[in-house]
Amino acid sequence: MIKLHDKYFKPYLGEDEILAAVKRMAQEIAEDYKDEVPLFVGVLNGAFMFVSDFLKAYPYPCNVSFVRLSSYQGLTSTGIVESLLDIPEDINGKSVIILEDVIDTGRTLKQLVHMFSQTNAKEFKIASLFYKSEIYNGEYQIDYVGMEIPDDFIVGYGLDYNELGRNLREVYQLNQGNMINLVLFGKPGAGKGTQAGFLKEKYNLKHISTGDVFRYNMKNGTELGKLAKSYIDRGDLVPDEVTIDMLKDEVEKNQEAAGFIFDGFPRTTAQAEALDNFLESKDMQVNATIALEAEDDILVARLLERGKASGRSDDQDESKIRNRFDEYNEKTAPLKSYYEKQGKFHSVNGIGEINEITGRLAKVIDALFELE
Ligand code: AMP
């Protein structure tokens, strides 16, 4: 295990394995281009090591050059791709093969294709050492691939985590083992959002509230927002498929998190099962679920009060509030036994001063993770 900045990474691909893949690619491409002098264009910074080993393994005459793009901020793809070093000028009439270290969502690739399609190159092909087929958007054909890898954050062999790790000869994978992933349970008004706000600061976690994500989308008039609105206005649950996909997106967007607080998710058994499967596929798990307990009448009073201040449509009408409680009792309450079976269910009294309740939650968390 190695540590880069604040994160731990475990060995994933050995040097021999990587070099064998590079060699295979060089031979495959050499076969196709042995009768001409192709121009290899490495994509900096990540591809520098790959380009170097690739050229050493390429047996025929060739040219080499570089472009530089930047799309990663920390561990998350920001979606913004800048060009920092432009296309070489002597490209006319040449066969260009772009050498990429990794293709994931395809955003960088889109930019590259855009850049090169405006040149007078004879043709251009894409070769990527690593390829995350699970998340690639499939927009362009990838002509040569070294290795398909799962969608995990990797460093080494040119790839970095905030600029560290590029010099490693092997590839390492983010170790999710020491994450803290919590599910906060409780009926509407139990204080999940408020408490999550304190806990995320205390334990450096990413707070995902599905209710907040829906409200954000409603406010911005997105398709998702329009779809969710009718359910939310009535106090019904939004369909599982919609909510589950949205939740996965939120987790994907925050790969750098030291852990997550799931607030308002899962709310049905199908969601709980989907969460378990999804986290497992990322080498993660729910570590604990904590319920905030409070009686209905107290909650109704709290929600009506909150509705006055926030203007939330589902907080202003007692019958909608009661409908949300019914939804909870019918669909969410069964999750208690789901998590009890996994030995992961805990509950605290949700009545009292806000900081008192934070204290109760922290006590459970500290004991679980031996943080005391
Ligand atoms: P909340 O802010 O968590 O009380 O959520 C407000 C509303 O958003 C709920 O009443 C549901 O209509 C919808 N919602 C939030 N989370 C979920 C979920 N996990 N499954 C289905 N619907 C949800």
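Student: Which residues is Ile-98 in contact with, if we leave aside its neighbours within four places in sequence?

Tutor: Two residues are in contact if their C-beta atoms, placed from the backbone, lie within 7 Å. By that rule, and setting aside neighbours within four places in sequence, Ile-98 is in contact with Val-41, Val-43, Leu-112, Phe-124, Ile-126 and Ala-127. Please keep in mind that this is a predicted model, in which local features need pLDDT of at least 70 and side-chain atom pairs count only at pLDDT 80 or more, while totals for chains, interfaces and linings use all residues. Residues are numbered from 1 along each chain as its sequence is written.

Student: What share of the contacts in the protein between residues at least 6 apart in sequence join residues at least 24 apart?

Tutor: Among those contacts, 70% join residues at least 24 apart.

Student: Which residues touch the most other members of the largest nonpolar core?

Tutor: In soluble globular proteins, nonpolar side chains tend to be buried together. A nonpolar core is a set of buried Ala, Val, Leu, Ile, Met, Phe, Trp, Tyr and Cys residues joined through C-beta atoms within 7 Å, and buried means that 20 or more other C-beta atoms lie within 10 Å of a residue's own (exposed: 12 or fewer; partly exposed: in between), with C-beta atoms placed from the backbone. Here the largest core has 42 residues, of which Phe-50, Phe-54, Ile-98, Leu-99 and Ala-127 touch the most other members. Strand β6 (residues 95-103) gives the largest share of this core, six residues. A second, separate core of 33 residues includes Ala-257, Ala-291, Leu-335 and Val-348. Across the protein, buried residues make up 33% of the 372 residues.

Student: How many helices and strands are there in the protein, and in what order do the four strands of the open sheet lie?

Tutor: Helices (H or I, at least four residues) and strands (E, at least two) are DSSP runs, numbered from the N terminus, and the protein has 12 helices and 15 strands. Two strands pair if DSSP finds at least two bridges between them. The four strands of the open sheet follow the order β1-β2-β10-β9, with antiparallel pairing, and its edge strands, β1 (2-4) and β9 (154-155), each pair on one side only. Strand β2 (residues 7-13) and strand β10 (residues 171-174) pair over four bridges in the antiparallel sense, and Val-171 in β10 is the bridge partner of Leu-13.

Student: Which residues of the shell around the ligand are the closest?

Tutor: A residue is near a molecule if its C-beta atom, placed from the backbone, lies within 6 Å of it. In this model 17 residues surround the ligand, and the closest are Thr-210, Gly-211, Leu-237, Val-238 and Gly-264. Helices α5 (210-219) and α6 (223-234) each supply at least two residues of the shell, and the largest share, three residues, comes from α5.

Student: Is Val-238 buried or partly exposed, and what about Gly-189?

Tutor: Val-238 is found in the loop between α6 and α7 (240-253), and this residue is partly exposed because 19 other C-beta atoms lie within 10 Å. Gly-189 lies in the loop between β11 (180-185) and α4 (192-203), and Gly-189 counts as buried because 25 C-beta neighbours lie inside 10 Å. Gly-191 lies in the loop between β11 and α4 as well, and is buried, with 22 other C-beta atoms within 10 Å.
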